[in-house]
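Have a look at it first, and then we'll pick out a couple of spots.

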Amino acid sequence: MEIKKINENKEKYMNLLLEADPDENVIKVYINKGDMYIGIEDDKPVCAIVITELNSDECELKNIATLNEYRGRGYAKDLIKYVFKQYSMKYKRMIVGTSENMIPFYVLNGFTKYHHTVKNFFVDNYNEEIWDGDLHCIDMYYYAKEFRRLDYSIVEINKEIRKQVNNILINEWEATDIIIRGKVIDGTKLDGFVAIDNNKIIGLITFIIEKEECEICSLNSFIENKGIGTNLINKVKEYAKQKNCTRLKLITTNDNIRGLEFYQRRGFVFSNIYKNAIENSRKIKPQIPIFADNGLPIRDEIEFEMIL
């Protein structure tokens, strides 16, 4: 399923949203102030979700609807997972209001904490009686998905944390030496930044500047989907510009499928490919495996660049 954010002509999807909320006037109110995403399958919208902000800490899932003939295929579940990733970086929790019949669905999909109940919600907010199967809906039950919003800082590598950085390089790369294009780089002397949360390093980036080029040598994020890697890259970009660099570049390998997508989404473009480069690297660092965990051969170095 392809997922798209809808910024204009939201009422175009009214019939789909009415699958979950029977009052068009109520829907118009929250879609105009909320974020809408649709799931596309068979070249048509089959599922939709709307998220609104309640306050700086909370957002609310206001509507999630799936076309009747596409129900039971996991589309709603996938949309919920998608918005969890999008909004977990900004809010402490997402809440959802539901009728009694739908509580098990939301609990199974991550809304595991009871939040509150609004008595007579359906009676007070709708002109007609609302039924969910054979249940006459009266009260609205709210459940929450708690997010861990990180409060981390990014600091430059210094003498006090250098030992921790070296240990990370060893744990992640099996040595403090980093091999790039057949060249051995001493990771213990590289500049870099770390993301720190509660005195614990949760992200690391190292780089080297030569003439007007800044090259990222390593990047690690130990908590996914929190923007740590992106923020570390942005920090290096800012630093490189201050040093009058005109180009930011990095090398990854052909097996790093997630990395290939990650870097392109952050503005990097392909600039070169070094075929069979890892064969030469293994002569220097024999512990480099032949195959990655995803089964792909670790073979080529792929260079990305960004013009600053």
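**A tyrosine and a helix**

Start with tyrosine 70, whose side chain makes a polar contact with the side chain of aspartate 42, at 2.9 Å. (A polar contact here is a pair of N or O atoms within 3.5 Å; within protein, one must be able to donate a hydrogen and the other to accept it, and residues adjacent in sequence count only if both atoms are side-chain atoms.) Keep in mind that this is a predicted model: local features need pLDDT of at least 70, side-chain atom pairs count only at pLDDT 80 or more, and totals for chains, interfaces and linings use all residues. Residues are numbered from 1 along each chain as its sequence is written, and side-chain values use heavy atoms, leaving out hydrogens and water.

Where does tyrosine 70 sit? You'll find it in the loop between strand 4 and helix 3 (75-87); helices (H or I, at least four residues) and strands (E, at least two) are DSSP runs, numbered from the N terminus. Tyrosine 70 is buried, with a relative accessible area of 7%. Buried means under 20%, exposed over 50%, and partly exposed in between, using a 1.4 Å probe and protein chains only.

Now hop over to helix 2 (residues 24-33), where Ile27, Tyr30 and Ile31 are buried. They span an arc of only 100 degrees around the axis, which puts them on the same side of helix 2; the arc is taken from the directions from the helix axis to the C-beta atoms. Over on the other side of helix 2, Asn25, Val29, Asn32 and Lys33 are exposed.
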